[in-house]
Amino acid sequence: MRVLDYEIPDKLYYSKEHEWVRVEGEEAVVGITDYAQKQLHEIVYAEVQKVGASVEQFQTMGTVESVKSVSDIFSPVSGTITRVNEELAKSPELLNQDPYGRGWLARINLADFDKDLKKLMTAQQYADYIRGMEE
Amino acid sequence: MSTTLKRTHLYEFHRQTAKMTEFAGFEMPIWYKGIIPEHMAVRNSVGIFDITHMGRTLITGAESEAFLNYVTTNDVAALTPLSAHYSNMCNEQGGIKDDFVLSRLEKEKFLIVYNAANRAEDYEWLVENSKRFNVRVEDVSDNIAMFAVQGPNAQKTLQKIADSDLSKIERFKCGWTKLAGLEGFVSRTGYTGEDGFEVFVWNTPLANPVDAVKVWNAILEAGKEFGIEPCGLGARDTLRLEAGMCLYGNDIDETTTPLEAGLGFVVKLKKEVFIGKEALTKQKTEGIKRKRIGLMMLGKDIPRPQHEVWKNGEKIGNVTSGTFSPLLERGIAMAYAPVEHAVEGNKVEVKVRDKFAEAQVVKFPFYDTTKYGYARQK
C-alpha cells in the first residue's frame, strides 16, 4: 500500500525503527523502509555486521550514513547473519533507489521468529504508525 | 519546530521547497533537491543560498579604520573603498572570537558580516571595544537580506539582472548595483571556493520581505538557463569543507588561534596594536605546537566531528569537521594535529566507530584547483 509519500508493501513486517522483514522459510531478509530512506536521503555509506555474526532483535546490526548524518540500523529480528548485500559497499544509493529490492541489507537465520513477531508491526499497523508520526 | 526560531525573508519559499533544520536560532533550509545535486550545481555551474541568517553590522565614523584595526587582526588600512577582506577577531589570549568578511564601503563606512551563531556576542564585543573610539556600531542584520550566488556561472547569472558591469568587480572587490530594479550591493566573495558573489538587498526589513523575495526569484529565473539550484545549509557545509574553509564552532573557536588554524595570512603582527597581538606575537616567536590539517580518507569510511586521529598507535588529535565529499566521492575532514604530524602525505588513522580507517594529510583545498574553484583554468 502507499501511505502519504511512502511505499509500504503488504506482506512484510515492520519495526518502529523503520526496518522491514520478509520471512523466507528459516531465514528472513531485512532492510530499511521507504520512509527511512526518504528521511535519511542521499545514502552514501552502508555497513552491516559480517556473515556469521549473531544479532539480537532491536540491537545494532549496522550503520547507514547520508552526506551529513550517521544512523544505526537495528536488527528487526534475532538470529545469525547468513548473507549481507555486498552490492551496497559499492552502491549505497540502492538503499534510496530500491529499499525493498536491491537495497536489502542482510539475510538472517531466525532464532525465534514467533517471539520477534510479537514486537513487529504488520503493513497496516506500520501505515498507522507512519501517519501518527507525520501528524 | 519551535515557534521561537527566527525566519528569513525567504521562509515561505524554503518551507514549501526544502527540508528545514534549526541553525543558530534560525529555521533554515538544509536541502531542497539534495545536498549532492546542489553541491555539484555550484561546482559545475551556479547555485543560490539564502544567508540572511548571518550577522551584518555597519561601522561608521571618523575613527572606524582605527577601531577596526584594533578589534580585528587584518590590516584595515590596506583596505581601499569597495574592497573586502577575510579577517578574524581574537581575544587577548589570541583565541578566535569569530571569523568574517569585512568590506569597506566608503572611507569611513565598513560592513562586517559574521557568523549567525555569534551574532549577539560579536555585536556586544564590537560595541564594548568601540567605546573609546569615535565610531557608530549599528546592527543592520534585520534590514538587509543576503544571498550567495556561487559557481562558475554566477557572474553570467547575476549580470542579467544587474545594471552595472559585474566583470569590473574583481575577487574581493564590491560595488553598488541595481538588482531587478532594486537597490543592491554585491561583493565578489563566498564560502564555497568558487567564483561568485554575495548579494545584499538593502533596506528590506524582515517584516516586509517583498523586495528580498523579488531579487531571489529574479536570480533563480536568470540562472535557469544555467541550471541554477537553490542550495541549503547542507551543501554550504560540504562546499566550504572541500574548499578548506573553517566553520566557526567546529574548526576554530576561542581555544584555537589563527596561527594554529592556518589563518596566519590575516594576522598582521606589524600593526601597532590590536586585541590578541601580544599573545599571537609570542606564539609566532615560539612556534605553534599544533596545526589544522586536511585529511583525505583512503577507504570508504566517512570521518565525523570528534572522531580521533591516530598515528603509530597513539592518539594525536580530533576531527573538527568531516563529511562525504560529493565531488571527490570519499570522506574528507579537518583536524588538529601536532606540527610534526601535520605534513602533507603523512598517513594517519581516523577512528571511525570501532575501526581505524586510513587517511592521508593533504593540502587545502581538497580539490584540483586547475579544474575547480575560482582560480580554475577557464
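Predicted model: local features only at pLDDT ≥ 70, side-chain atom pairs only at ≥ 80, totals over all residues.
**Before you start**

Residues count from 1 along each chain as its sequence is written, while chains are lettered from A and ligands numbered from 1 in the order in which they are written. Local features need pLDDT of at least 70 and side-chain atom pairs count only at pLDDT 80 or more, whereas totals for chains, interfaces and linings use all residues.

The model has an ipTM of 0.91 and a pTM of 0.96.

**Stop 1: the domains**

Colour chain B in three parts: domain 1 (11-52 + 144-240), domain 2 (55-141) and domain 3 (289-367). These bounds come from an automatic or database domain assignment. The centres of domain 1 and domain 3 of chain B, taken over C-alpha atoms, lie 31 Å apart. Eight residues of domain 1 are in contact with five residues of domain 3 in chain B; contact means C-beta atoms, placed from the backbone, within 7 Å. On the domain 1 side, α2 and α7 of chain B each give two or more residues. The largest share, five residues, comes from α2(B). That side divides into three nonpolar, three polar and two charged residues. Here Ala, Val, Leu, Ile, Met, Phe, Trp, Tyr, Cys and Pro count as nonpolar, Asp, Glu, Lys and Arg as charged, and the others, Gly among them, as polar.

**Stop 2: helix α2(B)**

Select residues 35-44 of chain B, helix α2. Helices (H or I, at least four residues) and strands (E, at least two) are DSSP runs, numbered from the N terminus. Why is α2(B) largely enclosed by the rest of the structure? Because seven of its ten residues are buried. Buried means 20 or more other C-beta atoms within 10 Å of the residue's own, with C-beta atoms placed from the backbone. Among the buried residues are I35(B), H39(B) and R43(B). Their cover includes β2 (26-31), β3 (47-50), β9 (145-150), β13 (229-231) and α7 (233-242) of chain B.

**Stop 3: helix α7(B)**

Move to α7(B). Nine of its ten residues are buried, including R236(B), D237(B) and E242(B). G244(B) follows the helix, with a positive phi near 80 degrees.

**Stop 4: the side facing chain A**

Show chain A. The contact takes twelve residues from chain B and ten from chain A. On the chain B side, α2, α7 and β16 (314-325) each give two or more residues. That side has five nonpolar, four polar and three charged residues.

**Stop 5: the five-stranded sheet**

Select the open sheet β5-β6-β7-β4-β8 of chain B, which has antiparallel pairing. Strands pair if DSSP finds at least two bridges between them. At the edges are β5 (83-90) and β8 (136-139) of chain B, each pairing on one side only. Neighbouring strands are turned by 25 degrees on average, direction ignored. Helix α4 (119-129) of chain B packs on this sheet and touches β4, β5, β6, β7 and β8 of chain B. Its direction makes about 15 degrees with that of β4(B). Zoom in on β4 (55-60) and β8 of chain B, joined by four bridges. There L58(B) stands opposite E138(B).

**Stop 6: V186(B)**

Finish in strand β11 (182-187) of chain B, at V186(B). Is V186(B) buried or exposed? It counts as buried, because 24 C-beta neighbours lie inside 10 Å. Beyond its neighbours within four places in sequence, V186(B) contacts residues including I169(B), F197(B) and V199(B). G175(B), eleven residues away along the chain, has its C-alpha 5.6 Å from that of V186(B).

Definitions and conventions: Buried ≥ 20, exposed ≤ 12 C-beta atoms within 10 Å, placed from the backbone. Contact = placed C-beta atoms within 7 Å. Axes fitted to C-alpha atoms, helices over the stretch in contact; angles between N-to-C directions.
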